[in-house]
Amino acid sequence: MSDYILSMEHITKVYPNGFVANRDVSLSVEKGEIHALSGENGAGKSTLMKVLFGEEQPEEGKIFFEGREIHPENSISAIKMGIGMVHQHFMLVPSLTVAENIVLGMEPGRFGYFNKREAFRRASEIIEKYRFSIDPRERVENLPVGDKQKVEILKALYRGAKLLILDEPTAVLTPQETEELFVQMNLLKAQGHTLIFISHKLREIKQICEHITVLRGGRTVGTARVADVTEQEISRMMVGRDVMLEIEKPPAHPGKTVLQVRDLPLSDRPDAPTISFDIREGEILGVAGVEGNGQSELAMSIAGLLPYKTGSIRLKGKELRGLSVRKIRALGLSHISEDRMSYGCAADANIEENLFSTTIYQKKYSRFGLLRGKLLDRRTDELIREYRIKCSEKKEPVRMLSGGNIQKVVVAREFSGNTPMILANQPTRGIDVGATEFIRNKLVDLRTNGAAVLLISADLNEVLEVSDSLLVLSSGGVSAYFADAAQVEEDTLGEYMLGLRQMTAQEIGGAVHEASD
Amino acid sequence: MKHRTKDRPLPTNRQIETRFTLIRTLVAVGIALAGCLILILVVSEEPWDAFVAFLIGPLESGKNIATVFETAAPLVYSGLAVSVMFSCNQFNMAGEGALYIGGLVASAVAVKLSLPIVVHPILALLLGGVAGAVVCAVPGILKIKLGATEIVSSLMLNYIVLYLGVYILNYFLIDPAAGFPATERLPESAQLPTLIPRTHFHVGTILAFVLCAVVYLYLYKSKQGYAIRMVGQNEKFARYSGIGVGGTILSAQLAGGFLAGMGGASEVLGSYTRFQWVALPGYGFDGVIVATLAGNNPLLVPLGALFLGYLRVGADIMSRRSDVATEVLSIVQGTIILLVASKLFLQHIKHKYIVSVAEKRESLAAAAPEAAPEGGEANA
């Protein structure tokens, strides 16, 4: 249709490791509107915008901009066509002035001479035109975050952006700065610009957007007029469930407490919310929530990788504060890190080396000061078979495996130690369905055999299917505790995740099974 | 499927990578030698004689071959030292200073102590190694405790070590009768015996090659070596796994420094009559070249060191027999290192090959459907 300035049709994007980030995604944006693009982390929003901005090349699909089909090959060609993007992480030179940053890359002057006066004139002109209140002579490093963002927007406008993509612009702003940004965005709209606003903050979307397109799991869920839908409806679109995998799960019989967490801060800010809970033998406690609400801090603190100043963590009664990772692991902790390639494995090391990183110091693997190669080889063969790791040989570098098989190597290492406590942080993120199902079933098996499991996941299917009990994190801290995860409605869960609802402290206190003395 | 397409099994990705590393090194050597030939053609009156002297000279006689080994020995020590430190991803350049101080300490032991015949060189070698270990530990400790980049601190440290050594030589060890800054003659009891007459092929030369196997076992078959390599490959992973990162980094520097220090001791005790280094000998930096050629693998270090030794002896013979100076060698060395260290050199050919093998594997898997269960393919 002609009143669409942009339509992206049937975009499919597969990353080199086989992960399908966008599957047949379509997006249409009307000229002169503010269009919200929404969805959970990992839903494919950023990938779609990277395709539009020329940073990624789609496998399939077409992009029409101002009625013509375009093929943005890189960000420079996208900018030339009139598409601008404001990244979440600012791309500015702190030591240069506002004006210099705005004109950077398209500086006035010639033969290598930089005409500073002309740069200031042009920068002032564009600041004037869009009525931004900012001093072009100020150095960027002296600016507050909100003003840096303005510089980013001005940069895009200076390059002639007709369509402006704002990637979660409010995530870094204070409420006052957010209000100011919205005024600015409305001004831009009034001057004929079109804006794509990436956000999962429903209140903000309600406030300034005309339409909303929701993505989930790499697919389009739908587009709606914001005025026609309630926040609850949007939340349901965002966090609804997809295909279910078959998880065989006998009922839980929780035993003694294995891990006890009390008043542990969820970030290093002084006013950070805290979390308290117990996990018992034979129980999987799920932690659901939009990423970035303290899940990483929780996992890293338990694993001994992030020192905690206040609160306490006890594993089988022993306080973990100040203990080394090796001691914590020796006490009985297994840890699947959310960051598979940074923490979970050494990519250039081979499968065998990756399988024994946590246990190789043990006496049984060495004799006369040398490692017992045959024993390690035999164990490796067993683990490759048991965990169905698809590889061409056991000495193959891990980086040559697919994501799912790399994760199986990690899981084989962490699950084979018969540890009483398993910390699984995003155990199936970005891997294929087969490996996902395998890992989820393994988790359930281990808990049925008496292990305590803390499952942190942004994947709602996963937390709802696998967990026995469930904690929910929102931006304000713990927003809910459900003693029986099977009874939780996904709509309800979505509302707690997005902070629309909040349980009382007493209700959340249900996660603590023993009085801490 | 008329007949089986796989007479030979398809190479695994690991085999492809190994092959390409070898090919890349050989191509780099070839290009460097070709460049060298062109250079000689330009500058020399008798280019052919010069080139023959350069390439054939080192292999002409048993004595020359022994000289190649003798030249390679200190390079083996320093190559091993650098390999251990680089395996831990520590670009510690203090091997140079460690080798220097190892030679000095060994000479001090030789001239200041009088000990029986076998004990004397062994003690000198060991104390030389210990002195080297202390030197290489310094950048390691600075990095662990203060976050100082080891490459800068170690380079600077080399000069501190050198001038400290020169001071010690001039004030405590100097023999005024020598007529130049040097220690007294090293006593017979402390020297490493020469094994081939009229060369400096000595016991320390043999020891260097034996150490390659020892260091291989240490790095690849012991748990500390494993820890060193894991910290080198991914420090976060090592930390996550419970490996003590700081201690591992330090032990790698100590081991590397010990090897370098021992190399200096062996060189002085075997090939010199007096200790007379008043400048850095350069072996420590040559160790970087050797380790790069060997891909930090101790078992390949002898090959790298011998190759470098061969080029040096060749350049030496060439300069004696023709009008081409030994400095040509630096160009050859530089070119090889540049090409071997460039990860992208020949990369596109390798990538194409991996993709084509992956496709063949796919079609084989498609032909035999029972062999394609869940899980992804190895990506190229």
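Before moving on, a word on what you're seeing. This is a predicted model, in which local features need pLDDT of at least 70, side-chain atom pairs count only at pLDDT 80 or more, and totals for chains, interfaces and linings use all residues. Residues are numbered from 1 along each chain as its sequence is written, while chains are lettered from A and ligands numbered from 1 in the order in which they are written.

**Stop 1: the sheet around Phe65(A)**

Select strand S4 (residues 60-65) of chain A together with S5(A): they run antiparallel and are joined by 3 bridges. Strands here are DSSP runs of E with at least two residues, helices are runs of H or I with at least four, and both are numbered from the N terminus. Two strands count as paired if DSSP finds at least two bridges between them. In general, strands of a sheet pair through backbone hydrogen bonds, either parallel or antiparallel.

Now widen the selection to the whole sheet. You get an open sheet of 4 strands, ordered S2-S1-S4-S5 in chain A, with antiparallel pairing. At its edges are strand S2 (20-30) and strand S5 (68-70) of chain A, each pairing on one side only. On average, neighbouring strands of this sheet are turned by 25 degrees against each other, direction ignored.

Axes are lines fitted to C-alpha atoms (for helices, over the stretch in contact), and angles go from 0 to 180 degrees between N-to-C directions.

**Stop 2: another sheet in chain A**

Move along to the open sheet of 4 strands with the order S12-S11-S14-S15 in chain A, where the pairing is antiparallel. Strand S12 (274-280) and strand S15 (318-319) of chain A stand at the edges with a single partner strand each, so one side of each has no neighbour in the sheet.

Zoom in on strand S11 (residues 257-265) and strand S14 (residues 312-315) of chain A, an antiparallel pair with 4 bridges. Click Leu259(A) and you'll find Leu315(A) of S14(A) opposite.

**Stop 3**

**Stop 4: over to chain B**

Hide chain A for a moment. Chain B has 14 helices and 0 strands, and its C-alpha trace spans about 85 × 60 × 35 Å along its principal axes.

Bring chain A back, and look at where the chains touch: 24 residues of chain B are in contact with 40 residues of chain A. On the chain B side, H9(B) gives the most, with 5 residues. By class, this side has 7 nonpolar, 10 polar and 7 charged residues.

**Stop 5: two crossing helices**

Finish by selecting helix H11 (residues 283-293) of chain B and H13(B), whose axes come within 10 Å and cross at roughly 45 degrees. H11(B) and H13(B) are therefore oblique to each other, as angles under 35 degrees count as roughly parallel, over 145 as roughly antiparallel, 65 to 115 as roughly perpendicular and the rest as oblique.

Show the side chains next: Ile289(B), Thr292(B) and Leu293(B) of H11(B) make the contact with Gln333(B), Ile337(B), Val340(B) and Ala341(B) of H13(B). This contact has 5 nonpolar, 2 polar and no charged residues.

Terms used. Two residues are in contact if their C-beta atoms, placed from the backbone, lie within 7 Å. Ala, Val, Leu, Ile, Met, Phe, Trp, Tyr, Cys and Pro count as nonpolar, Asp, Glu, Lys and Arg as charged, and the others, Gly among them, as polar.
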